[in-house]
Each structure stands twice: as C-alpha cells, then as structure tokens.
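Subject: The structure, and notes on what was found in it

Dear colleague,

I am passing on a structure for you to look at, and I would ask you to keep it open beside this message while you read. My notes come after it.

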Amino acid sequence: MNNLLPQDMTFRIDQLCQLGPVIPVLTIDNVEDAIPMAQALVEGGLPVLEVTLRTSAALKAIEAIARHVPGAKVGAGTVITPDDFKRAVDCGSTFIVSPGITTELLEYAINSDTPFLPGIQTVSEMMEGIQRGYKRFKFFPAEISGGTNTLKAFQGPFGDVKFCPTGGIRVNTAANYLALDNVMCVGGTWLTPADLVSAKDWAGIATLAKQACISARPVSK
C-alpha cells in the first residue's frame, strides 16, 4: 500500500476547483429535489457539487445526480470515516470532502482512485496532511477560524498549499477569499436557500448560481 498521496491527485483536485469559483454545498432532504437542483446549479455555471452526508437522502441524491445530470461533477461532503468514503464512491461520488482529518481517512484516501479534499483548521492538521503528500485542503469553518487573515498567514510558510475555504462565506465575501493566491475556490451554502428549495424554485437557484459566477470572482488575482 502507498503511504504518500500520488502527485496526480493534486492535479485532479486543481482541475475540479477550476471549473467554477464556488462549489455549492448541498444538504438534500428529499431525493426528488436532487436532480432539478443540480440541473439548476449546472445551468447557472457551477458544475462541481458537494452533497453533504447529513441526511438519509444524501447517498441516493448523489446517485441520482451522477446518473441523470450531464455536466455535473458530484462529490460527497461531511465524510468522516473510511466507510463513509467507500459508500459515497459506490454511489457515484467523483470526489470526497471531509470537515476534518483523521489518520484513517488520510491513509484510506491515499489508496483510493477518488480525489480527496481533507478539511483542516490548524497548522498542525495541515502539516499532518502534508507529511502524507496532501497539498490541497478544505479550510473549515473558515469565517470563525480567522477567514482571509488566517489564509494570508498560512501562505508564508506553506507557499505551495492551496485551499477551498468553506463555512460562513457568502456571495458578498467570497471575492475576498478568491483574491488570495492560495485559494482555489470557495464552498458555499447560500446557493440553495430553504425557501427556494421548498418552493421548488429551480430557476431562482439557477439565478443565484449565475450571480455567484459574476460577483464572487475577483477582478484580479
């Protein structure tokens, strides 16, 4: 078994994160909402979708999106254990995101063919990942962990590491993160507000995605 992440995994994460400035972070309660929600987000220009494993519908939602939404790159978030990782991949996840790291998760992902974006909050957690070959991380929860100031501080000693910050970011603050050289994209929950989902206003969600593509992108990098 490998004990270091293959170098091509960093490239594959970079490819995913280049597809849009924002990765919508989705908590799906009803499987029937999965396909039209994903279609709306893809139509709006955000094809990389993270479905959190926070509901009983999550795995079936991932499977439905993977099968029936052309152009979508669907992955699983809130992955906490290797068993979560395996079940998500079996359902069609093309990438995996965790809120934090454990030795078990890092090592399981090293021997998987599915790209993994491990969550970190501290320098020590980041260093544990770096020792295993990881150079791309989710920074979570971003806003209450120092936000852009923390990421700026990370950049000095860890110049080759890049992040997808998630947690508390909104459309009016996303551009501040995306202006940083060590930020690839941001994760956002604001794209599928409960009122639009309950009303099945998929056109409204597509509009939010289009707005995010415009307003979240920094003028210069």
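Predicted model: local features only at pLDDT ≥ 70, side-chain atom pairs only at ≥ 80, totals over all residues.

Residues are numbered from 1 along each chain as its sequence is written, and side-chain values use heavy atoms, with hydrogens and water left out.

Let me begin with the interior. A nonpolar core is a set of buried Ala, Val, Leu, Ile, Met, Phe, Trp, Tyr and Cys residues joined through side-chain atoms within 4.5 Å, where buried means under 20% relative accessible area, exposed means over 50%, and partly exposed is in between, with a 1.4 Å probe and protein chains only. The largest such core has 62 residues, and Ile-65 and Phe-163 are those with the most contacts inside it. Apart from it lies another core, of 11 residues, which includes Ile-13, Ile-23, Met-184 and Cys-185. If contact means heavy atoms within 4.5 Å, then Phe-163, leaving aside its neighbours within four places in sequence, is in contact with residues including Ile-120, Phe-137, Leu-151, Asn-182 and Met-184. As background, nonpolar side chains in soluble globular proteins tend to be buried together.

Next come the helices and strands, which are DSSP runs numbered from the N terminus (helices are H or I with at least four residues, strands are E with at least two). In helix H3 (residues 58-68), the residues Ala-58, Leu-59, Ala-61, Ile-62, Ala-64 and Ile-65 are buried, and the buried residues of H3 pack against H2, strand S2 (48-52), S3 and H4.

Two helix pairs deserve a careful look, and for both the axes are lines fitted to C-alpha atoms over the stretch in contact, with angles that run from 0 to 180 degrees between N-to-C directions. The axes of helix H2 (residues 34-43) and helix H10 (residues 202-215) come within 7 Å and cross at roughly 35°. Here Pro-36, Met-37, Ala-40, Leu-41 and Glu-43 in H2 meet Trp-202, Ile-205, Ala-206, Ala-209 and Lys-210 in H10. By class, the residues of this contact divide into 8 nonpolar, no polar and 2 charged, where Ala, Val, Leu, Ile, Met, Phe, Trp, Tyr, Cys and Pro count as nonpolar, Asp, Glu, Lys and Arg as charged, and the others, Gly among them, as polar.

In the other pair, the axes of H4 and H5 come within 9 Å and cross at roughly 35°. That contact is made by Pro-82, Phe-85 and Lys-86 of H4 together with Glu-104, Leu-105, Tyr-108 and Ala-109 of H5, and its residues comprise 5 nonpolar, no polar and 2 charged.

Which residue's side chain makes a polar contact with the side chain of Asp-14? The partner is Arg-136, at 2.6 Å, a polar contact being a pair of N or O atoms within 3.5 Å, of which, within protein, one must be able to donate a hydrogen and the other to accept it, and residues adjacent in sequence count only if both atoms are side-chain atoms. Asp-14 has its place in helix H1 (residues 7-17) and is buried, with a relative accessible area of 17%.

Finally, some details of the backbone and loops. Most residues other than glycine have a negative phi, and most peptide bonds are trans. Against that background, a cis peptide bond joins Phe-140 and Pro-141, with omega about -10°, and Pro-141 lies in the loop between strand S7 (136-139) and helix H7 (147-155). Thr-78, although not a glycine, has a positive phi of about 55°; Thr-78 sits in the loop between strand S3 (73-77) and helix H4 (82-90) and counts as buried at 15% relative accessibility. Lys-200 also has a positive phi, near 55°, and lies in the loop between helix H9 (194-198) and H10, but Lys-200 is partly exposed, with a relative accessible area of 44%.

With best wishes
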